[in-house]
Amino acid sequence: MFVPAFAHAAWLAALSTLIACARKPLPPPSIQPEPPPLGFRYLAGGDSRNDSQHVVPWAFAEAKARGASGFFFLGDMEITPELDRWFRDELAQLRPVPFYPVLGNHEILQFGFLTIGVAQAERSFRVKFLESHGAPPSAMKERIVYGVDLPGSVHFIAVDNVTQRGFGPDQMAWLEGDLAKVTAANPPPKYIIVGMHKPLVGNGVSKHGMESDGDQAIRESNDALALFKKYGVSLILMSHVHQFAKLEMQGIPAYITGGLGAPLDNVGADRAFHHFLQIDVTDAGLEVSVVKWGGVQTVAQEGETEED
């Protein structure tokens, strides 16, 4: 159905007003804990669209209170790209902590599934959320992918599995090239962390990820996991599914962490709760702990598509 541009703009303006009215007061940050053993700590999480409880500002305040060296955001800032300005306004509260985003489907697709203006939305994402907040420029022209060396001998890789179904052959080639390059460095990083929006195939928690994107996506998910094992990836971070899960994939620790304010999956309070991950760099390895939001848990109502 054709919708005139002026009607679309008016509808979005009305929606923006409703979202503004739904914003909750910012809760105070918790008491600052002891600094991490080596002085390097990262926070991670994803899926904040429809954040009626203001979980994101709480997480950003915690990042500063906990002395984080960076925040890995795993995608889906707002319900539709035109409203990402709300997230950008909240992102100012994170400074000076660097922000390392992964592209989510709600960043480039209208309401997470309509393919209208994808190229423009991706260009806008680059301008608003990459280099201006600490991340490097994307290594590919039509994808949001990058690798960056971080304090604590950490190399973070952001991959894109939402612009297309799967990763695509060009991104797979770039991914292997980046992994080969950093592991051949002298010295190589101690830890490699990979972040993506949609969960890999065979995660055992939900098929709402690459598993639902067709045969090519399934093959490339399996191929990517094989690369992660080959090159000694330390940690895999995923989102898109609105809950918490601790996994092991081909011997690699992995997490689904979709709890930054989006309506939670109706799977029980032991798995569905607002949260972020805290990743401490230690001599013994990466220590990952989950930090739970202490306020109201927004659970999707029956019939809602909470994971889109």
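The model is predicted, so local features need pLDDT of at least 70, side-chain atom pairs count only at pLDDT 80 or more, and totals for chains, interfaces and linings use all residues. Residues are numbered from 1 along each chain as its sequence is written, and side-chain values use heavy atoms, without hydrogens or water.

Select residues 41–45, strand β1; strands (E, at least two residues) and helices (H or I, at least four) are DSSP runs numbered from the N terminus. In β1, 5 of 5 residues are buried, that is, under 20% relative accessible area with a 1.4 Å probe and protein chains only. Arg41, Leu43 and Gly45 point one way, while Tyr42 and Ala44 point the other way. In a regular strand the side chains alternate between the two faces of the sheet.

Then select residues 70–73, strand β2, which pairs with β1 in the parallel sense over 4 bridges. The bridge partner of Leu43 in β2 is Phe71. The chain passes from β1 through helix α2 (residues 55–65) to β2 in a right-handed β-α-β crossover, meaning that the path over the helix runs clockwise when the strands point away from the viewer.

Finally, display the whole open sheet of 5 strands, ordered β3-β2-β1-β10-β11 with mixed pairing. Its edge strands are β3 (99–101) and β11 (285–292), each pairing on one side only.

Note on methods: Buried means under 20% relative accessible area, exposed over 50%, partly exposed in between (1.4 Å probe, protein chains only). Two strands pair if DSSP finds at least two bridges between them.
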